[in-house]
Amino acid sequence: MGVYAADAVARDLERRYGHRVIELERYAKANKVWQTKVKRMRLPDLLCVDCGRRFESKGKTKLEAKLSDSTVPGRTWRDGGMRPDDLFVFARVDMKADPVRVSNLVYVTRRSLEDAVSSSREGKRKAVSEGAEMDRVWPMWAPDYAGEVVAVDEERKKIRVTKGAGTYLYPNGSRWGAFHTLPAGTAFEAGQPVASCFRVAESVGCAGEGSWDWRADLLSGDEDVRFPAVKAARFLGTRTVEDVLLGIAQDEGNDWRLRLEAHASLAATRPASVAALLSFASGAASAPEVRMEAVFSLSEIDSQEAVEALSAVALGVGAATADEVRAAAAWGLGTGARTAPGRLLRLVDDPSVLVSTHAAAVLPARLPEECLGELLDWLRGDDPRRAATAAHLLAERDLVTELVDALAGASEKVRGLIVLALGDASREAVLGVVARLDAESRAGLAALWAKDDDWLRQPETDGVLDALRLQTLRF
Ligand SMILES: [Zn+2]
């Protein structure tokens, strides 16, 4: 949900408000799950590199101004690098809609939430072992119907709106310290906040290019200030600040994340920083999370050096690199700033299942000629693992002509794998080549297709009988 919200917020900020938004929190907008968790600095999700404003998006099924809070210093709702004029963005996320719908974006500055904190409520507190985390909710009223504001009684903190043919008087504002509403006469949509204990932000627009003195922030002693500037530098041009960034990168007293990002900002134009990231990724002294973060940052660099570095990590050159780090490097070669499908095929054939599946999953839909040729070779060979991989990858792409062509020269075992793969390809595509199949393969395929006619093998019935039989116990 968070990923959808962050993406919708970023687009809204760009299209409607003219910001130039980057992910400040790496992967704020990506849903790939890795087992190695990187403890990142507590930072807002998004940053505008033109005006320097930070944005923290919060998506929930129900629209609510809710933030996690804690009694632990450094973990309160205020912490995490949000300055008074930075914006929290609350949104409703409908995961049941297809495509997922994000709506009713509400922009609020940290200052406004601060001003209204006496009206906020503490939610249920979790166990102390979880860091005494709790939720804090700032009340607002967002009716689930559209209407128009009829009248606002500021003294009694009540608001009357149209509701269908009649009107409705909202009574709960009297409990709030302040009462902010849409003005009388304003029409509102279903789900839009009409009244709240906090002031909804009026100026969300970008102050424009050059309005942020990011070079000064690079020199700040406050990491919450310095980190966004370090990260933004790669988008704003590092030429004039190379020495500063290099100083940050090489100062061992700095947090490793800051040093790594300084190299990442320099890496697009400075091959030595790619080498530095490679040593973060594969150096013997690096902790697993450092290796992962270095791989992620290498994946963001559009250069041949970065491709070479990712390849080296993925192949585990020179170090006993954990499989997940290698898998992440493979993932970067397939989905990163510069993709290298040719490098992936060797990884598809890696003995580690983690590495090979990650590499296979990110091979492009349109296979380059060199990859296709290699896969066809695998079908001609007698390595069943390679043959199965090749058959899968071709079938996923509906390359059925190639599969049928490969049948003729294949060993019996591989022929079985090819027929199985044809069963996975779209039936429409296979029907076009079915006449070219020998009788045995055709019979095999017919058996696979018979599954579609078997009502007990459909997604909603598959395994149901076994599950029911487990429930026949009665003592
Ligand atoms: Zn901006």
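**Pockets and aromatic pairs**

Analyst: The largest pocket holds about 830 Å³ of space; the model is a predicted one. In general, rolling a probe the size of a water molecule over the atoms shows where empty space is left.

User: How many residues line the largest pocket, and which lie nearest its centre?

Analyst: Its lining comprises 32 residues, with Glu-25, Ala-28, Arg-40, Leu-43 and Asp-45 nearest the centre of the largest pocket. By class, 16 are nonpolar, 5 polar and 11 charged. Helix 1, strand 3 (54–60) and strand 4 (65–70) each contribute at least two residues to this lining.

User: What is the volume of the second largest pocket, and which element gives the largest share of its lining?

Analyst: The volume of the second largest pocket is about 610 Å³. Strand 6 provides the largest share of the lining, 6 residues. Domain 1 (1–138 + 197–212) and domain 2 (140–196) each supply at least three residues to the lining of the second largest pocket.

User: How is an aromatic pair described?

Analyst: A pair of rings is described by the distance of the centres and the angle of the planes. The whole structure contains 11 aromatic pairs. In one of them, Tyr-17 and Tyr-107 have ring centres 5.4 Å apart and planes at 75°, so this pair is edge-to-face. Tyr-17 lies in the loop between helix 1 (2–15) and strand 1 (21–23), whereas Tyr-107 belongs to strand 6 (residues 101–109), 90 residues apart.

User: Is Tyr-107 buried or exposed?

Analyst: Tyr-107 is buried, because its relative accessible area is 4%, under the 20% cut-off.

Key
Residues are numbered from 1 along each chain as its sequence is written. This is a predicted model: local features need pLDDT of at least 70, side-chain atom pairs count only at pLDDT 80 or more; totals for chains, interfaces and linings use all residues. Side-chain values use heavy atoms; hydrogens and water are left out. Rings of Phe, Tyr and Trp (its six-membered ring) pair if their centres lie within 6.5 Å; planes under 30 degrees apart count as stacked, over 60 as edge-to-face and the rest as tilted. Helices (H or I, at least four residues) and strands (E, at least two) are DSSP runs, numbered from the N terminus. Buried means under 20% relative accessible area, exposed over 50%, partly exposed in between (1.4 Å probe, protein chains only). On a 1 Å grid over the protein atoms alone, a cavity is a set of points where a 1.4 Å probe fits but cannot get out, and a pocket is an open set with protein on both sides within 12 Å along at least five of seven lines; lining residues have an atom within 4 Å of a point. Grid points are joined across faces, edges and corners, and a volume is the space filled by probe spheres set on the points. Ala, Val, Leu, Ile, Met, Phe, Trp, Tyr, Cys and Pro count as nonpolar, Asp, Glu, Lys and Arg as charged, and the others, Gly among them, as polar. Domain bounds come from an automatic or database domain assignment.
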